[in-house]
Amino acid sequence: MRIGIYGATGYTGVELIRWLRRHPQAEIVFATSRTYAGQRLSDAFAVADDLPLVDASAADPASCDVAFLCLPHGETTIRTAQEVLATGARVVDLSNDFRLRDVEHYATWFKHPHGAPELLAEAVYGLPELYREQIAKARLVANPGCYPTSVLLALLPLAEAGLLDGQVIVDAKSGVSGAGRSLSLKTHYVEANENFAPYNVGHSHRHIAEMEQELGRAAGAPLHVIFAPHLLPVSRGILSSCYVRLPRDLAPDAVRKIYTERYAQEPFVRLLAAGQLPTLAHSVHSNLCVLGLQQVDDRGNWVIMASEDNLVKGASGQAIQNMNIMFGLPETTGLQ
Ligand SMILES: NC(=O)c1ccc[n+]([C@@H]2O[C@H](COP(=O)([O-])OP(=O)(O)OC[C@H]3O[C@@H](n4cnc5c(N)ncnc54)[C@H](OP(=O)(O)O)[C@@H]3O)[C@@H](O)[C@H]2O)c1
């Protein structure tokens, strides 16, 4: 497959390139950057890879079968998706531009109308564990957000079984690469190192929109997510702790069985044994989402924990998983 990458010099872009270099069917035909156009990837990052970088205006989307958009969300991403799709190539977008299905839902969360509502309606939410068949046929795949990937994989089995009672509480922590490579005070070394900071607490983080959209669809009823994200002083990794109340009479073995059956065929979801809980080390540098189930008391309270690498299963690894599905390759190709 011939691959184009827009935004190759960001954290998700360079992670994508690392994995694609080991993918037996992938050939990178162009990689774009505004800042480093005319230079090599090794000029932008401490990596031994001389991939040439070009300005997006010099990239020919018709030369690729699929383009990955690793750009900030907004006008540039939407325009680039339109240009690529017009050539007949397919798109996997890593931003949050195409993840919401409903234009009004989008306008509520993003505070402005969507720039290409027809594409919003067409895009497939790229969580393979949920939409494998639709992804296979899609022209445009909206790769899920990093936090939502962990939270959805933690809670979908319960939502699908009708066991969530309308509200979940999610306490999540992310490594600093989750904020992207642009400089900001919050991610400045002295601010982040040896610190642990909450941010966007309340019903304000845009990832909530995705979580509520997909959990609500799975449950067949609206679901309210109370979300508290935190910045962890590590480079990568997400750990999400999801607090739920299940029916009191549901036995622990029955809860575990729901998960083992739901994920029996999933190559990138691992359920830890009873008594074990996931840590960042279980998942970083892999495309795995690792789950742990913890009963809290006999009143139906449980904590479901999920660990993933925000740059792999939470972004570029999942994007490659989607590409494999779109092109009929074994889903694990290049990802193990
Ligand atoms: N970081 C994560 O963990 C993560 C996880 C899931 C999804 N995402 C999403 O994936 C996308 C990329 O994230 P990232 O963390 O890789 O971001 P990043 O590190 O900030 O990189 C963004 C890339 O886009 C280019 N760029 C920046 N502004 C641009 C503009 N206005 N027009 C064209 N190119 C521009 C940047 O480099 P040049 O200046 O060289 O062009 C760079 O290549 C974002 O939409 C993000 O929300 C990120």
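Predicted model: local features only at pLDDT ≥ 70, side-chain atom pairs only at ≥ 80, totals over all residues.
I began with the crossing of α1 and α11, which is right-handed; a crossing counts as right-handed if the near helix is turned clockwise from the far one by less than a right angle, and as left-handed if anticlockwise. Residues are numbered from 1 along each chain as its sequence is written.

I then looked up the geometry of this pair: α1 and α11 pack at an angle of about 45°, with their axes 9 Å apart, the axes being lines fitted to C-alpha atoms, for helices over the stretch in contact, and the angles running from 0 to 180 degrees between N-to-C directions. That makes α1 oblique to α11, since angles under 35 degrees count as roughly parallel, over 145 as roughly antiparallel, 65 to 115 as roughly perpendicular and the rest as oblique. The contact is made by Thr12, Glu15, Leu16, Trp19 and Leu20 of α1 and by Val312, Ala315, Ser316, Gly317, Ala319 and Ile320 of α11, two residues being in contact if their C-beta atoms, placed from the backbone, lie within 7 Å. By class I find 7 nonpolar, 3 polar and 1 charged residues in the contact of α1 with α11, where Ala, Val, Leu, Ile, Met, Phe, Trp, Tyr, Cys and Pro count as nonpolar, Asp, Glu, Lys and Arg as charged, and the others, Gly among them, as polar.

Next I turned to α6 and α11, which pack at an angle of about 40° with their axes 9 Å apart. That makes α6 oblique to α11, and the crossing of the two is right-handed. On the α6 side the contact is made by Pro128, Arg132, Ile135 and Ala136, and on the α11 side by Gln321, Asn322, Ile325 and Met326; by class it has 5 nonpolar, 2 polar and 1 charged residues.

For helix α7 (residues 146-160) I find an angle of about 100° to α11, with the axes 8 Å apart. That makes α7 roughly perpendicular to α11. Cys146, Thr149 and Ser150 of α7 make the contact with Lys313, Gly314, Ala315 and Gln318 of α11, and these residues divide into 2 nonpolar, 4 polar and 1 charged.

I looked up the domains as well: the protein is divided into domain 1 (2-144 + 314-326) and domain 2 (147-310), with bounds that come from an automatic or database domain assignment. Between them, 18 residues of domain 1 are in contact with 22 residues of domain 2. The largest share of the side of domain 1 that touches domain 2, 5 residues, comes from α11.

Last, I checked the ligand: 30 residues surround it, the closest being Gly7, Gly10, Ser95, Gly180 and Arg181, where a residue is near a molecule if its C-beta atom, placed from the backbone, lies within 6 Å of it. The elements that give two or more residues to this shell are α1 (11-20) and α11 (312-326), and the largest share, 3 residues, comes from α1. By class the shell has 10 nonpolar, 18 polar and 2 charged residues, and it draws at least three residues from each of domain 1 and domain 2.

Methods: Helix = DSSP H or I, 4+ residues; strand = E, 2+ residues; numbered from the N terminus.
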